[in-house]
Amino acid sequence: MNMQTGKTLSVAETALCAAYDQAIGELPGDGAVLAARDVLISDFKEAGLPTRRIEAWHYTDLKALLRAVPAFDPAAAADRIEPLVEGANVLSVVNGVADKRASADGVSVTRFADALIDGSAAAGLIARDGDDTIGRLNGAFVRDGFVLDIPAGAELGNPVEIQTTQNAGQTHTRFPATFGANSKATVIERHVATGENAAFVTTVSDITLSDGAEVTWIILQAQGAADTHLGQIRITLGTDAKLRLYVINAGGKLVRQEIHVVVSGEGSDLVLRGINLLGGETHNDVTFTVGHDVPNTTSTEVIRNVIFDRAKGVFQGQIRVAPDAQKTDAKMSCNTLLLSDEADFSAKPELEIFADDVQCGHGATVIDIDHTQLYYLMARGIPENKARAMLVNAFVAEIVEELEDEPLVEALEGVIAAWLEKHA
Amino acid sequence: MLEIKNLHARIAEDGTEIIRGLNLTVKAGEVAAIMGPNGSGKSTLSYILSGREDYEVTEGDILYNGESILELDPAERASKGIFLAFQYPVEIPGVATMQFLKVAMNEQRKARGEDELTTPDFMRRVKEAAAELKIAPEMLRRPLNVGFSGGEKKRAEILQMSLLEPKLCVLDETDSGLDIDALKIVADGVNALRSPDRAVIVITHYQRLLDYIVPDTVHVLYKGQVIKSGDKTLAHELEANGYADIIGAAA
């Protein structure tokens with residue numbers, strides 16, 4: 001593309017444009033996909049990376065924060081890793097390329113690269129709106145991923161683990177998943193750096209729960225201390241569908257995880273739980289929007305943040321209730337444990353309610369360690385640093401325990417404990 | 001074992017003086033009861049012994065086995081064998097009771113240079129001690145003190161005490177909120193720990209608990225001082241006549 005924009009591009013913007021020119025010849029896709037990619041990158045060149053003047057990016061000025069973008073590095077070595085939970089079916093993406101032999105019991109699994117090649121993915125590459133930088137960059141660059149189809153009535157005995165690993169360069173993946181009527185499944189979407197080299201990762205999951213489906217979806221982001229991770233999950237809930245979505249951030253230098261939910265089926269229920277473990281110089285943004293479009297639906301959102309060092313956290317949560325969506329019950333809370341004077345957190349709750357018979361609320365708290373609890377633990381001989389770690393752990397473990405799935409709870413508590421061990 | 005000398009202490013936040021020249025000696029093997037009206041400084045004394053930061057010692061000293069403990073934090077005091085059974089045990093959601101017990105026992109062992117307990121050994125000890133105190137296994141599966149009734153919390157305190165095997169036990173109104181059956185169970189738990197190398201301080205409003213944990217000495221605390229000491233008959237006197245006579249005589 002040789003578009004004249006008249007704007008000065010930042011180093012990162014220039015690097016992204018150069019990466020596109022370098023990669024486009026090798027990215028999979030038919031004519032329609034290629035055309036869609038060209039539109040996306042041209043829109044990106046026009047708009048650039050968002051700054052704080054863009055409302056949706058006010059607390060994450062990507063243009064200022066994203067200083068550099070590594071080039072594609074097809075030779076970067078990374079390996080798949082053991083699943084989080086024993087017995088899980090792993091669908092592995094290494095350095096941006098999906099495993100050709102990947103399969104999961106009871107699930108139809110195909111590679112997203114194939115959907116790009118045959119053009120069926122083209123329509124989905126469109127960005128959500130003009131501020132959708134993640135959708136735009138991912139759509140332009142996406143190379144692979146998996147398409148999951150869980151048949152109606154299926155009850156998966158073992159969790160499916162979507163696993164992306166990389167150690168340098170760029171990874172752009174997409175994971176569309178359709179859960180058939182009354183199916184039951186647990187999916188772990190896990191993004192892990194296997195080394196210390198800086199990587200640039202975008203990923204978009206697009207999931208649809210058909211009527212009566214019950215799904216637990218866990219996003220576990222554990223990138224390296226130099227990595228940029230831009231994630232997005234788009235969700236549509238059918239009638240009586242139940243989704244438990246856990247978003248756990250425990251890594252990365254610059255992280256934005258967007259969650260966009262359309263509640264379009266009556267009787268559906270969304271449970272969102274977020275755990276953000278932030279240390280060092282990390283900037284971590286969780287942005288959530290939910291649109292309750294029909295009557296009689298519920299959603300609860302609980303976000304727990306633990307912030308050390310000079311890390312900065314952001315939570316933006318928007319609940320929209322359409323005029324017809326009577327009897328909506330939506331509650332959002334965001335609790336932050338600030339553990340250093342230089343730690344920082346911004347919470348922006350937004351309620352847009354156009355129906356009159358609803359229960360909606362939000363609350364945000366910032367707290368320190370409870371001194372009475374600390375004293376009690378110490379009075380039993382537990383040294384102060386260990387007692388503090390126990391209380392920090394308790395603050396987030398409470399959320400994990402709600403899962404009531406012992407192997408999963410144990411595995412996630414292990415991830416949290418290991419993170420705290422390293423950072424506290 | 002414990003020597004409190006001319007202790008003065010105040011609330012750190014607002015400087016209110018609570019303990020005003022308190023003297024008390026408790027020997028190994030002794031059970032000492034501390035009684036006194038509301039506001040006399042009984043609970044404050046227990047917090048100061050355990051090292052709670054909210055109180056400041058401004059004068060005097062506390063010697064434990066001959067050494068001052070004023071500079072030690074609560075964890076260091078605990079690992080030296082000082083245990084406070086709380087009047088109001090603290091609820092800690094997200095910390096499993098069993099995990100808490102294991103960490104506390106092992107941290108104290110580590111501080112004393114002993115090996116950590118193996119899991120089977122730990123489980124056996126907890127199971128035995130819990131059975132003695134009629135504590136149901138379900139209770140131990142809950143987060144620490146969360147959803148425990150008043151009586152369950154007090155029994156959990158005594159469970160911790162028997163597992164941690166302290167040398168100086170301070171019981172702060174352990175009888176409050178207990179029915180007579182629970183009181184007997186708790187008292188049996190405390191009596192089981194009585195030994196020649198261990199001292200117990202029982203802080204209470206009422207004679208009732210002292211019928212089951214019979215003290216060697218009784219001390220009356222008033223306005224932050226011990227104003228009268230005696231043997232167990234002093235507690236009976238207080239029960240019959242109230243504090244007015246003693247307070248009047250001391251004034």
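Which residue just after H2(A) takes a positive phi? That is A:Gly48, at about 75 degrees. I will come back to that helix after some conventions.

This is a predicted model, in which local features need pLDDT of at least 70, side-chain atom pairs count only at pLDDT 80 or more, and totals for chains, interfaces and linings use all residues. Residues are numbered from 1 along each chain as its sequence is written, while chains are lettered from A and ligands numbered from 1 in the order in which they are written. Helices (H or I, at least four residues) and strands (E, at least two) are DSSP runs, numbered from the N terminus.

Now H2(A), residues 31-47. With 17 residues at 1.5 Å a residue, H2(A) should span 24 Å, and its end C-alpha atoms are 24 Å apart, which agrees; the expected span is 1.5 Å times one less than the number of residues. Buried in H2(A) are A:Val33, A:Ala36, A:Arg37, A:Leu40, A:Ile41 and A:Phe44. They lie on the same side of H2(A), because they cover an arc of only 130 degrees around the axis. The arc is taken over the directions from the helix axis to the C-beta atoms. Buried means 20 or more other C-beta atoms within 10 Å of the residue's own, exposed means 12 or fewer, and partly exposed is in between, with C-beta atoms placed from the backbone. On the face turned away from the buried side, H2(A) carries the exposed residues A:Gly31 and A:Glu46. The buried residues pack against helices H1 (11-23), H4 (112-117) and H5 (133-141) of chain A.

Next, the strands of chain A. An open sheet of ten strands, with mixed pairing, runs in the order S2-S1-S5-S7-S9-S11-S13-S15-S17-S19. S2 (97-98) and S19 (359-367) stand at the edges with a single partner strand each, so one side of each has no neighbour in the sheet. Two strands pair if DSSP finds at least two bridges between them. Within this sheet, S13 (269-278) and S15 (298-307) run parallel and are joined by ten bridges; A:Val271 has A:Thr300 as its bridge partner in S15(A).

S16(A), residues 312-321, has eight of its ten residues buried. S14(A), residues 283-292, pairs with S16(A) in the parallel sense over ten bridges, and A:His283 stands opposite A:Lys312. Ten bridges also join S16(A) to S18(A), residues 344-353, again parallel. There, A:Gly317 is partnered by A:Pro349.

On to domains. Chain A is assigned domain 1 (11-265) and domain 2 (369-424), with bounds from an automatic or database domain assignment. Their C-alpha centres lie 30 Å apart. Six residues of domain 1 are in contact with six of domain 2, contact being C-beta atoms, placed from the backbone, within 7 Å.

Last, the two chains. 20 residues of chain B are in contact with 17 residues of chain A. H3(B) gives the most to the chain B side, with five residues. H3(B) has 15 residues and reaches 21 Å from first C-alpha to last, close to the 21 Å expected. Its buried residues include B:Phe100, B:Leu101 and B:Ala104. Just after H3(B), B:Gly113 takes a positive phi of about 75 degrees.

Definitions and conventions. Two residues are in contact if their C-beta atoms, placed from the backbone, lie within 7 Å.
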